[in-house]
Amino acid sequence: MKKLLLSSIFFVFAIVLNAQFYYNDILGTKKTSELWKLYQSNGITSVTAKSFESDGQPGEGFLLEQKINLVQKTIETISSATSSTRSVLTSFFNDKGELVKTVDENEISNNTSLYKYAEDGKLTAIETNSVSDDKSFSQTEKHFWFYNNKGLPEKMFKIKNEKDTVVVRINYDENENISEEISFARGKQIERYYFYYNEKKQLSDIARYNNLYKRILPDYSFDYDENNRLYEMTVYRVQSTGSDYLSWKYLYNDQGLKIKEGCFDRDKKIVGRIEYQYSR
């Protein structure tokens with residue numbers, strides 16, 4: 001059971017930040033487009049990954065590989081772990097290198113997302129359609145982004161099934177860094193996130209108010225290397241028994257391609273690692 005948990009933990013935390021719309025929609029989409037351009041500029045056609053447990057043994061049931069079609073402008077990511085179903089995520093890009101569509105298929109559901117941009121490249125809308133494998137469930141979710149006169153994200157409307165609407169508002173600090181993301185539904189605040197930055201104006205922490213401890217506590221923190229690449233990401237888990245966290249550290253080659261990532265617990269003991277290999 002121990003190895004099952006360690007092998008699966010990479011997939012559990014590969015989908016973090018699922019509550020922050022700005023991070024997922026704006027920054028996440030940009031990051032995917034940057035990855036495509038990195039693959040394209042280096043002529044990468046495939047990526048394979050191997051998982052290792054804390055004792056150095058291979059992770060059981062772990063699968064993570066990517067197939068890159070430089071002509072069709074697609075990245076196909078195939079993944080699974082011992083405790084999860086096999087998933088195939090196909091990302092499509094346009095001539096500008098912008099992410100325009102994703103199709104995520106597994107044994108349970110099919111999720112298709114379409115991305116739209118303004119002429120200046122700003123993301124304006126994401127529409128996601130989800131259908132269960134047996135067709136018993138379907139859902140549509142639309143995100144519409146609006147910008148202020150300085151070209152900065154100002155608000156977003158999230159509309160589920162054409163009727164359930166959440167309004168997300170973005171506030172800024174004196175340096176024009178996003179300082180808060182506040183979500184409202186039916187006129188009431190439902191969530192509020194706080195964003196913090198380092199001296200280089202790089203996002204360093206995402207936090208929110210914790211009702212149990214009656215203060216603002218971090219959900220995630222980020223550190224960067226000398227080349228401004230993400231070096232470490234820490235995921236915090238606040239419970240009634242206290243706070244716990246896992247840290248991910250990343251290593252890159254000279255081309256900026258990620259070649260290794262390791263997961264460490266709060267005692268700085270390694271939980272597991274993934275190593276990547278690239279083919280041209």
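Colleague: Hi! Where is the place of Tyr 209?

Modeller: Hello! This is a predicted model, and in this model Tyr 209 sits in strand β13, which covers residues 203-210.

Colleague: Is Tyr 209 buried, exposed or partly exposed?

Modeller: Tyr 209 counts as partly exposed, because its relative accessibility is 41%.

Colleague: And which residues make the nonpolar surface patch there?

Modeller: Tyr 209 makes that patch together with Tyr 196 and Ile 216, and the patch comes to about 280 Å².

Colleague: OK, from the surface to the inside. Which residues touch the most other members of the largest nonpolar core?

Modeller: Those are Trp 145, Ile 206 and Phe 222, in a core of 43 residues. Helix α2, residues 21-42, gives the largest share of this core, with 6 residues. As a general point, nonpolar side chains in soluble globular proteins tend to be buried together.

Colleague: What is Trp 145 in contact with, leaving aside its neighbours within four places in sequence?

Modeller: Quite a list: Phe 21, Tyr 22, Asp 25, Ile 26, Leu 123, Thr 124, Pro 153, Lys 155, Met 156 and Ile 170 are in contact with Trp 145.

Colleague: Switching to rings, how many aromatic pairs does the count come to?

Modeller: The count is 6 aromatic pairs. One of them joins Tyr 236 and Tyr 245 in a tilted arrangement, with 5.6 Å from centre to centre and 55° between the planes.

Colleague: Why does Tyr 236 count as partly exposed?

Modeller: Tyr 236 falls in that class because its relative accessibility is 23%.

Colleague: Now charges. How many salt bridges does the structure hold?

Modeller: There are 12 salt bridges in the structure. Among them is the one between the side chains of Glu 162 and Lys 142, at 2.8 Å from N to O. That pair links distant parts of the chain, 20 residues apart: Glu 162 is in the loop between β9 (153-160) and β10 (164-172), and Lys 142 is in strand β8, residues 138-147.

Colleague: Are those two partners buried or exposed?

Modeller: One of each. Glu 162 counts as exposed at 56% relative accessibility, whereas Lys 142 counts as buried at 18%.

Colleague: What about Arg 192, which side chain does it meet in a salt bridge?

Modeller: Arg 192 meets Glu 180, at 3.2 Å from N to O. Here Arg 192 lies in strand β12 (residues 188-197) and Glu 180 in strand β11 (residues 178-185), so to speak across 12 residues of chain. Arg 192 is partly exposed, with 25% relative accessibility, and Glu 180 is buried, with 15%.

Colleague: And which partner does Asp 219 meet in a salt bridge?

Modeller: The side chain of Asp 219 meets that of Arg 208, at 2.7 Å from N to O. Asp 219 is in strand β14 (residues 215-224) and Arg 208 in strand β13, so this pair ties together parts that are 11 residues apart in sequence. Asp 219 is buried at 11% relative accessibility, while Arg 208 is partly exposed at 30%. Salt bridges with shared partners also bring Glu 191 into one network with Arg 208 and Asp 219.

Colleague: Nice. Back to strand β11: is Ser 183 buried or exposed?

Modeller: Ser 183, which lies in strand β11, is buried because its relative accessible area is 5%. Setting aside residues up to four places away in sequence, Ser 183 touches Phe 21, Val 166, Val 167, Val 168, Lys 188, Gln 189, Ile 190 and Glu 191.

Colleague: And Thr 165, where is that found?

Modeller: Thr 165 is in strand β10, and it is partly exposed, with a relative accessible area of 33%. Beyond residues up to four places away, Thr 165 touches Lys 158, Ile 159, Phe 184 and Ala 185.

Colleague: Last topic, the backbone. What is the phi of Lys 135?

Modeller: Lys 135 has a positive phi of about 65°, although it is not a glycine. Lys 135 is in the loop between β7 (123-132) and β8, and it counts as exposed at 64% relative accessibility.

Colleague: And where does Lys 268 lie?

Modeller: Lys 268 is in the loop between β17 (258-264) and β18 (270-279). Its phi is also positive, near 65°, and Lys 268 is exposed, with a relative accessible area of 68%.

Note on methods. Residues are numbered from 1 along each chain as its sequence is written. This is a predicted model: local features need pLDDT of at least 70, side-chain atom pairs count only at pLDDT 80 or more; totals for chains, interfaces and linings use all residues. Side-chain values use heavy atoms; hydrogens and water are left out. Patches are made of residues with over 30% relative accessible area and no salt bridge: like charges are joined within 9 Å, nonpolar side chains (Val, Leu, Ile, Met, Phe, Trp, Tyr) within 5 Å. Accessible areas come from the Shrake-Rupley method with a 1.4 Å probe; for residues, only the protein chains shown count as cover. A salt bridge is a side-chain nitrogen of Lys or Arg within 4 Å of a carboxyl oxygen of Asp or Glu. Helices (H or I, at least four residues) and strands (E, at least two) are DSSP runs, numbered from the N terminus. Buried means under 20% relative accessible area, exposed over 50%, partly exposed in between (1.4 Å probe, protein chains only). A nonpolar core is a set of buried Ala, Val, Leu, Ile, Met, Phe, Trp, Tyr and Cys residues joined through side-chain atoms within 4.5 Å. Contact means heavy atoms within 4.5 Å. Rings of Phe, Tyr and Trp (its six-membered ring) pair if their centres lie within 6.5 Å; planes under 30 degrees apart count as stacked, over 60 as edge-to-face and the rest as tilted.
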